[in-house]
Amino acid sequence: MLLPEQMVRVLVVGSKDLLERTVDLLYELECVHLIDFPADEEGFTLGSPLPAASDASQKLLRLRAMQKDLGIEEMKGIEPIRIDVLTRELDQMIESLHQEISDVVESKKKIELRLSELEQERKNIEPFVGLPLELDLYRGYKSLDVFTGYVKLDPEGVLRESIEKFELFMSKDGKFIALFVAKEESEEAQRILVQHGFSEVPVPLKSGKPDRILESIVAEEETLRKSIADLSEKLEKLREKHATFALAAEEHLNIIVQKAETPLRLGASVHSFIIEAWVPERNFEQLKKAFDENFGERIYIEVLERRERKGVDGHHEEEDEAPVKIENPKPFNLFEYLVELISTPKYNELDPTPLISIFFPIFFGLMVGDVGYGIPFVILGYLGLKKCTSNEWRTIATMLFFGGIFTIIFGLFMFGEAFGLHFASSSHGEITWSSLLGIEIPHHIELGALSIPLGLYSKLHDVKILLYISVWIGIIHLFVGYVLGFINVTIRHGLKHAVFEKLCWLLILIGAVMLGLALLDVLVLSKPLVMTDVRMVGGLVALVIGIILGFKGEGASVVLELPGLVSNIMSYSRLAAIGMSKAGMALAFNMIAIEMIAPGGGVMIAVAFAIFAVGHMMIFILAVISAGLHGIRLQYVEFFTKFYEGGGLKFNPLRIRRKYTMEV
Amino acid sequence: MAIEAGLIALGAGLAVGLAGLGAGLAEKDVGTAAVGAMAENEKLFGKGLVLMVIPETIIIFGLVMAILLWTKMV
């Protein structure tokens, strides 16, 4: 589970007449990660697409164009169509679909074109409606020049001063003008107009009254819009009728093209083909058997190498890297995307997914630790897992669901609170559910000999102990990280390297913790410093051995990284701190709502309830963001850096995913 | 006691506030660069996130100091 699957590199050679069936078989097996054939191999070229490709891609092209016309998009929950039915009817259906929609689409396009023309015409004519002239009167003069357009300032006064003969028409708002002026004075007139912010609008090449023309344009636009609506409705009906078929046919053709183009990734000579691929070792027998059954002796299969995990770093080029196939059992696999987000694990390193899926929900639960928020988390997460399909949302739903479960657990037993209010009555005189509801909720539930606590610690009053617990959790988390690192280095480079690289840090961690415990007694509990204390001696020994080992392995940088370890451990105090900040906010809202407003009675109770609801909604959202981000950060920054490299190539086998079609 | 308590509270406030400012300044730069990198290549989201939250430890230190001070006050 933790280590990616063992891979073997396989060579398949056969004659070209078997190529098509071989490709089909490879897709059926779903366990073959193809290696792209190097283009420069001597004596070989890249394969050429199977004959089916060109026909299918042509049809695909037509189909996609029609899909676009109809506006068909991905759909959920349609009954898949059987392939044999589809194959039989494909050509005919595409043809009839084409006939049905091409006319409609064509006329719709024409009308749309005409509409945009009309729009332009309307824009051109609109300003002239404000002037009392027919359009013919603007042109055809020998001795006159006509200026029409918008002005920013009224030019009339200036025109009167410097021009003898002119006639000016102006729209009511004074923004649009038509100026008739004698040719010999037109230059001067133009200069004046420009000074008044003139921008020309050409006179439309039509005749008649502008308002009449505008009316007829508007009327035509209206009829065209109506017919477009009709056509859209028709298309809508066509879409409903044909969507299922179109989607299925597209998928089917896509698969055909994908398969037919696979030979482009293979090597080929005149009469034979050659395939190199990675196959998980446990699937190899199945692969060989399938080939034997289908082709007998006519295809040659050989295992080229069984990829070892040791010493792979840097010895292989990128294209020669073994792909990484990880399979985590449910529910661990839900967390895989969180690791993927950083990068795929390497072929020779442990997959941290299962560990994240244990630690993350615990951290999340500790940070929120409130039944009132935990229950909505679980519900939201559950709904998300049911409804969402995208990786991102599914991961968020997973985090909410499992985080929510631990939130409830910690909220119920460790903190004993819901919506920031403790269940049992408190010695600090705060409001609790007990005092609010007027019933006595006990601190412990006695189940036979077992005493189950309902609230061990208060987030605000037991800060020290919670910080202490957080730091211990951090130490455990880091310890696990170093152990994983130790295993990783052992796998890659052998035990000796692992001792120098990682065991030293394990010893340093243990030493530091033991010393820390001894010193805590001295500093906090004011006990005398006893140098012969087991923790003191053991801690020092472990620390010194660790540093010496590290010094030999990595040099002086070990000493420089020591403070980093301390800061890593301290970093876990956020587990307590975030819980505390949530509790503080909740306390404030509860005080405002319950102690300050609600006693007013009547309407005030409703107001108090609203404040309570809004306040907790806010804390709830903040809880998702802060607890989620900090929970994942502790994994990525503190935990992963102890062992994780990443950067592997994801196993991506040839396979067909069908949504709208089904094989018989 | 009153003055002591006040000074402790002041110290705690300064610890959180100044550490917060420091963390904010550091994260501003890292965050800008991370978003830029992500715009180029979405796959860098995870790495960007990790780099971005590294300076955040500073504020946690401030918070821890503040809490320790505060527990002395109560």
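Reader: Let's start with Arg492(A): is it buried or exposed?
Author: Keep in mind that this is a predicted model. The cut-off for buried is under 20% relative accessible area. Arg492(A) has 5% relative accessibility, so it counts as buried.

Reader: OK, and which residue does Arg492(A) form a salt bridge with?
Author: Arg492(A) belongs to helix α13 (residues 463-493) of chain A, and its partner sits 153 residues away, in the loop between α18 and β17 of chain A. The closest N and O atoms of the pair are 3.0 Å apart. That partner is Glu645(A).

Reader: Which lysine does the side chain of Glu645(A) meet in a salt bridge?
Author: Glu645(A) is itself partly exposed, at 44% relative accessibility. Its N to O distance to the lysine is 2.9 Å. The lysine lies in the loop between α8 and α9 (353-368) of chain A, so the bridge ties together parts that are 299 residues apart in sequence. The residue you want is Lys346(A).

Reader: Which residues are joined into one network by salt bridges that share partners?
Author: A search of the whole structure turns up 35 salt bridges over all chains. Shared partners link some of them into one network, and its members are Glu5(A), Arg282(A), Lys325(A) and Glu327(A).

Reader: Moving to the interface, how much area is buried between chain B and chain A?
Author: In terms of contacts, 17 residues of chain B meet 20 residues of chain A. Val50(B), Ile60(B) and Ile67(B) supply 26% of what chain B buries there, more than any other three residues. Carbon and sulfur atoms give 79% of the buried area, which comes to about 1600 Å².

Reader: Across that interface, how many salt bridges does the rule find, and which side chains meet?
Author: The rule finds one salt bridge between the two chains.

Reader: Is Glu56(B) buried or exposed?
Author: Glu56(B) lies in the loop between α2 and α3 of chain B. Leaving out residues up to four places away in sequence, it touches Arg574(A), His630(A), Arg633(A) and Glu27(B). Its relative accessibility is 12%, so Glu56(B) counts as buried.

Reader: Which element gives the most residues to the side of chain B that touches chain A?
Author: The rule finds four residue pairs in polar contact across the interface. On the chain B side, two elements give two or more residues: α2 (45-53) and α3 (57-73). With eight residues, the top contributor is α3(B).

Reader: Now the rings: why is the pair Tyr141(A) and Phe180(A) put in its class, and what is that class?
Author: The search finds 29 aromatic pairs over all chains. In this one the centres are 6.1 Å apart, and planes over 60 degrees apart get the label in question. Here the planes are at 85°, so the pair is edge-to-face.

Reader: And what about Phe335(A) and Phe402(A): how far apart in sequence are the parts that the pair ties together?
Author: This pair is tilted, with 5.7 Å centre to centre and 50° between the planes. Both residues are buried. Phe335(A) lies in the loop between β12 (323-324) and α8 (336-342) of chain A and Phe402(A) in helix α11 (residues 391-415), so the parts are 67 residues apart.

How values were computed. Residues are numbered from 1 along each chain as its sequence is written. Chains are lettered from A and ligands numbered from 1 in the order in which they are written. This is a predicted model: local features need pLDDT of at least 70, side-chain atom pairs count only at pLDDT 80 or more; totals for chains, interfaces and linings use all residues. Side-chain values use heavy atoms; hydrogens and water are left out. Contact means heavy atoms within 4.5 Å. Buried area is the accessible area (1.4 Å probe) that two parts lose on being put together, summed over both. A salt bridge is a side-chain nitrogen of Lys or Arg within 4 Å of a carboxyl oxygen of Asp or Glu. A polar contact is a pair of N or O atoms within 3.5 Å; within protein, one must be able to donate a hydrogen and the other to accept it, and residues adjacent in sequence count only if both atoms are side-chain atoms. Helices (H or I, at least four residues) and strands (E, at least two) are DSSP runs, numbered from the N terminus. Rings of Phe, Tyr and Trp (its six-membered ring) pair if their centres lie within 6.5 Å; planes under 30 degrees apart count as stacked, over 60 as edge-to-face and the rest as tilted. Buried means under 20% relative accessible area, exposed over 50%, partly exposed in between (1.4 Å probe, protein chains only).
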